[in-house]
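Please look over the sequence and the model before reading on. The paragraphs below move from the whole chain to single residues.

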Amino acid sequence: MLLDTLTEVLAENALITAFVFVGILVWLSYFLSGKLTRGRLHGSAVAITIGLLLAWIGGSVTGGSRGLADFTVLAGVGVMGGAMFRDFAIVATAFGADLDELRKAGVVGAASIVLGVVLSFAVGALVALAFGYTDPVAVSTIGAGAATYIVGPVTGTALGADSGVIALSVAAGLTKSVLVMVGTPLVASRIGLDNPHSAMIYGGLMGTTSGVAGGLAATDPKLVPYGAMTATFYTGVGCLLAPSLLFLIVRSLL
Amino acid sequence: MVIYGVALLSFCMLAGVFAGDVLGELLGVQANVGGVGIAMLLLIALSNLSHHRFRLSPMTEGGVNFWSAMYIPIVVAMAAQQDVVAAVSSGWMAIIAGVAAVAASFAMIPVLARFGRGGRDAA
């Protein structure tokens, strides 16, 4: 009876439950980061990795598509980590960003968005070709998915791809986003990701807002506004280029 | 007051997302074009403007800074509700496409960063 009441309270106050849950998770992660890696792997990187691991466990146990949020008691994690609060917090990080840095890296930042979309699309399309896809619609949809998991389905729907191919494009985009979250802190020093200038280029090239948000949080939170600024334009540019210009190029080549 | 900061932040986000949606429709794209980026620019512009004309009180700034500080926990929650199972179990092609795209993009960062730097030094 006591357990039922507790479950009810936690489920009814879902967002508050999420605050407690994430608070404990972050505390545990910083503790592990300090004890096991002496702070070399940043606490937030540990927290994001554990979060992804828990999402995998949640998805496996419940069979749902929203990770931990598919547990009734933890539905609030879905609200807290949903697009609304994510974008709200990203905008807030801009408060105190250096206007001069933004201006200086503006042109190369903008160029990195277009280059990033074309590069990911081309790589994704080549992988699709290597796996035996020859239909321009399927190749373009999978290439678009390698840009982000939003560009993939938008392109696939616009071109009339079948749902299996669209699902593959979403999976390619999800893989990218997960990998960017986990991989960024590991390669940050090697690729010179330690200043606002390269952070803007990084955001433009990667483009996955959730990947960039997680990756920079785990690397250096001060860089977040610069990377997020360019990354948020990427999906729009991708939805613009992939079903039109890039598809036409693919069709003329195949 | 704290609510002034929260309201300012909320206004910037709504205005940005609205502008991004309108931009998307004008371009004929079924997506928001840079809404969050526009919101960020707006917040930067408003907070810089206010430095000259009037000063945001520390409490008002606190309303924005709180949400800025909540960024990492929110990202952790975001990670915890990703569809990781779909990403991992969808077969090799999707995974290879995703991994290859990330590897290629990472490799381009130093190249582009040098370009921008070179231009700045020359100027």
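The model is a predicted one, in which local features need pLDDT of at least 70 and side-chain atom pairs count only at pLDDT 80 or more, while totals for chains, interfaces and linings use all residues. Residues are numbered from 1 along each chain as its sequence is written, and chains are lettered from A and ligands numbered from 1 in the order in which they are written.

The secondary structure of chain A comprises 13 helices and zero strands, where helices (H or I, at least four residues) and strands (E, at least two) are DSSP runs numbered from the N terminus. Its radius of gyration is 20 Å, close to the 18 Å that the globule rule gives for 254 residues, so chain A is as compact as a globular protein of that length; the radius is taken over C-alpha atoms, and the rule is 2.2 Å times the number of residues to the power 0.38. Along its principal axes, the C-alpha trace of chain A spans about 65 × 45 × 30 Å. Of the 254 residues, 59% count as buried, a term that requires 20 or more other C-beta atoms within 10 Å of the residue's own, whereas 12 or fewer make a residue exposed and values in between make it partly exposed, with C-beta atoms placed from the backbone.

The domain assignment of chain A, which comes from an automatic or database source, gives domain 1 (2-81) and domain 2 (99-253). Their C-alpha centres lie 27 Å apart, and six residues of domain 1 are in contact with seven residues of domain 2, contact being defined by C-beta atoms, placed from the backbone, that lie within 7 Å.

Between chains, 91 residues of chain A are in contact with 65 residues of chain B. Helix 10 (residues 163-187) of chain A gives the most to the side of chain A that touches chain B, with 13 residues. That side of chain A has 61 nonpolar, 25 polar and five charged residues, where Ala, Val, Leu, Ile, Met, Phe, Trp, Tyr, Cys and Pro count as nonpolar, Asp, Glu, Lys and Arg as charged, and the others, Gly among them, as polar.

Helix 12 (residues 209-219) of chain A is mostly covered, with eleven of its eleven residues buried. Its cover includes helix 3 (43-62), helix 5 (83-93), helix 10, helix 11 (196-206) and helix 13 (224-253) of chain A, together with helix 4 (71-80) of chain B. The axes of helix 3 and helix 12 of chain A come within 6 Å and cross at roughly 145°, the axes being lines fitted to C-alpha atoms, for helices over the stretch in contact, and the angles running from 0 to 180 degrees between N-to-C directions. Where these two helices meet, A:S44, A:A45 and A:I48 of helix 3 face A:G214, A:A217 and A:A218 of helix 12, and by class this contact has four nonpolar, two polar and no charged residues.

A:L68 lies in the loop between helix 3 and helix 4 (75-80) of chain A, and it counts as buried because it has 30 C-beta neighbours inside 10 Å. Leaving aside neighbours within four places in sequence, A:L68 is in contact with A:L54, A:A55, A:G58, A:L74, A:V77, B:A80 and B:Q81. A:K35, by contrast, is placed in helix 2 (residues 14-37) of chain A, and A:K35 counts as exposed because it has 9 C-beta neighbours inside 10 Å.
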